[in-house]
Amino acid sequence: MTKNPTNPENEKMLNEDYLWDASGTPDPEIQRLESVLADFRHADRALVLPAERPAAPRKFRALLIPMLTLPRLAAAAAILLAASLTLFFFARPKPAPETGPAWDVANLQGAPQIGTKSIAASQAPAKLRVGQTLVTNNDSRASLSEADLGEIRLDPNSRVRLVQTDANRKRIQLDVGTIHAAIWAPPGTFVVDTPSAVAIDLGCSYTLHVSPDGSGELHTTYGWVGFHLHGRDSFIPAGAMCSTRPELGPGIPYFEDATPAFREAVVQFDSSAENSTDRSAALAKILSEARAHDALSLWHLLFRANPAERAQVYARFAMLVPPPKGVTRAGILNLDQSMLDLWWNSLGLGEISTWRFWQQSASPQTSPNTQELLQKKQSVSKP
Amino acid sequence: MAALSELGTPRSGPPAVNAVHETGGPDDALILAAQRGDRAAFGLLYARYSRMVHGILLARVPFSDVDDLVQDVFLQALPRLNALREVSRFPGWLASIARNRATDFHRRTKPIEEFDEQSASAQSDTPAPSANHSSHSSAEAHAVLDAIRSLPDAYREPLILRLVEGMSGTEIAARTGLTHGSVRVNLHRGMQQLREILGRKASPPTGGAL
């Protein structure tokens, strides 16, 4: 099929080709932007590496070896023996060395603590082992890292416990505070338990905050994250955020560049009782303010809405993002999972198979850690 | 300090490394060689990935600081390379180091200076970019860059890699570890938002100032 350049649709497609790889008909606007911005381009400056450390000079070794004569070795052995005996009799018994896999902890500021032990700024990275807790106060920050996982930074006033670390799953519990996670492990590997939801990394970097009352907020900066509690799921792609509360679990995610009215309406819908006038008003505002980009929120709204509301959501959603082949109104109103998955994939926000794989590989139920936290907050209620 | 000028730039010709490197073999072989201490291989990785790192940093920090931070990122990556068990994760791993370095940069500088690109350039010893494109004013270039930086992270990074660093969508996906679909969507949406910010219609312009 040949493209007709006079057709506006084809013109748009051609311009997208140029945006993708500079092929097709050049887009004058993009060309101009490329030209204007060319001065910022990487200038191929040479990489300067530190000099390699030379091996110990032969001369020094040649001097050292003759010094190790038999009488000197005997004297050194005697001193060593005496010191060992002294230590054996007088030194306090020490606890058995800690073993097992551990994550590196670095002091970024102040005096973060593992348990009651402070981590000095100057010391080599400390180790956080399964079951141990890393705490920062008003003035301290710390980073947690694991070679195959990524890096997690703790802001002040945060408390994190390492729950699990093995080849397939890395899990922490964030009781309170803020973490910034940059993860390069495969999607679904890194999991964070919070008092009101479980955050599952799906290939991304994000910031997660937990307040003292157990509520939380997640902002994704790259990739996407799944938020999960009691079968209630929210997916948060880059540029979006999602709140979670102990009584409600994850709320409806929304893009942070949505209109203020849209964002307020989403929050209001999440917190209003079903069949209340507040909820009806919130839904009406959501539907009137929604842009095509806000299909993210509308897709989630399909699950949160009652059947009557769902029909309204479907109508607006289908107007903004036509359902792909194989997706029918009846199927969506009946919450057919395969159709909902197809529609999600058509949004280009992430492949939902990644999430389904996680659901199959991990228990879809709330983790024991989150359950424990929920019980502490005495606020468990299935949405 | 030893300069790897011959290794750091493809223009300078291939370094004296094994045949896999010289023939532009897969990055996996380079990464494995670099893990074994082959500095030439690391230099080639720098040549292949420095544009990506530069773009990621440019999306977040003042232009005058980007070159130094690119060096920092690779200097941070070098000693940690052995900890990377799966070489296929190298692109995402390196990109994460770059994003973290940008975050660190902002934690150590006054917020007011963070994205004030024009004043940052004026205060810096580094001349404002204008040498090669005198037809465009530096102010105009900075204004466009600021507009891109005002976009969500997911859009500004691929847009800068495409419009500034000249990488194709395929290359962006390969270098950052993202899927083609994600890159395509982010480029498209980012461009739409950029057009809105710059106050232009989606149709091709007839020229003039942005």
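Along its sequence, chain B follows the pattern β-α-α-α-α-α-α-α-α-α-α-α-α. Helices (H or I, at least four residues) and strands (E, at least two) are DSSP runs, numbered from the N terminus. This is a predicted model: local features need pLDDT of at least 70, side-chain atom pairs count only at pLDDT 80 or more, and totals for chains, interfaces and linings use all residues. Residues are numbered from 1 along each chain as its sequence is written, while chains are lettered from A and ligands numbered from 1 in the order in which they are written.

**Exercise 1.** Check the span of helix 9 of chain B, and list its buried residues.

*Solution.* 
- Step 1. Helix 9 of chain B covers residues 138-149, 12 residues.
- Step 2. The expected span is 1.5 Å times one less than the number of residues. That gives 16 Å, and the end C-alpha atoms are 16 Å apart, so the two agree.
- Step 3. A residue is buried if 20 or more other C-beta atoms lie within 10 Å of its own, exposed if 12 or fewer, and partly exposed in between; C-beta atoms are placed from the backbone. B:Ala141, B:His142, B:Val144, B:Leu145, B:Ala147 and B:Ile148 are buried.

**Exercise 2.** Describe how helix 2 of chain A meets helix 9 of chain B.

*Solution.* 
- Step 1. Axes are lines fitted to C-alpha atoms, for helices over the stretch in contact, and angles run from 0 to 180 degrees between N-to-C directions. Helix 2 (residues 28-37) of chain A and helix 9 of chain B have axes that come within 9 Å and cross at roughly 115°.
- Step 2. The helices are therefore roughly perpendicular (under 35 degrees is roughly parallel, over 145 roughly antiparallel, 65 to 115 roughly perpendicular, the rest oblique).
- Step 3. Residues are in contact if their C-beta atoms, placed from the backbone, lie within 7 Å. Helix 2 of chain A supplies A:Leu33, A:Val36 and A:Leu37; helix 9 of chain B supplies B:Glu140, B:Ala141, B:Val144 and B:Leu145.

Technical notes: Contact = placed C-beta atoms within 7 Å.
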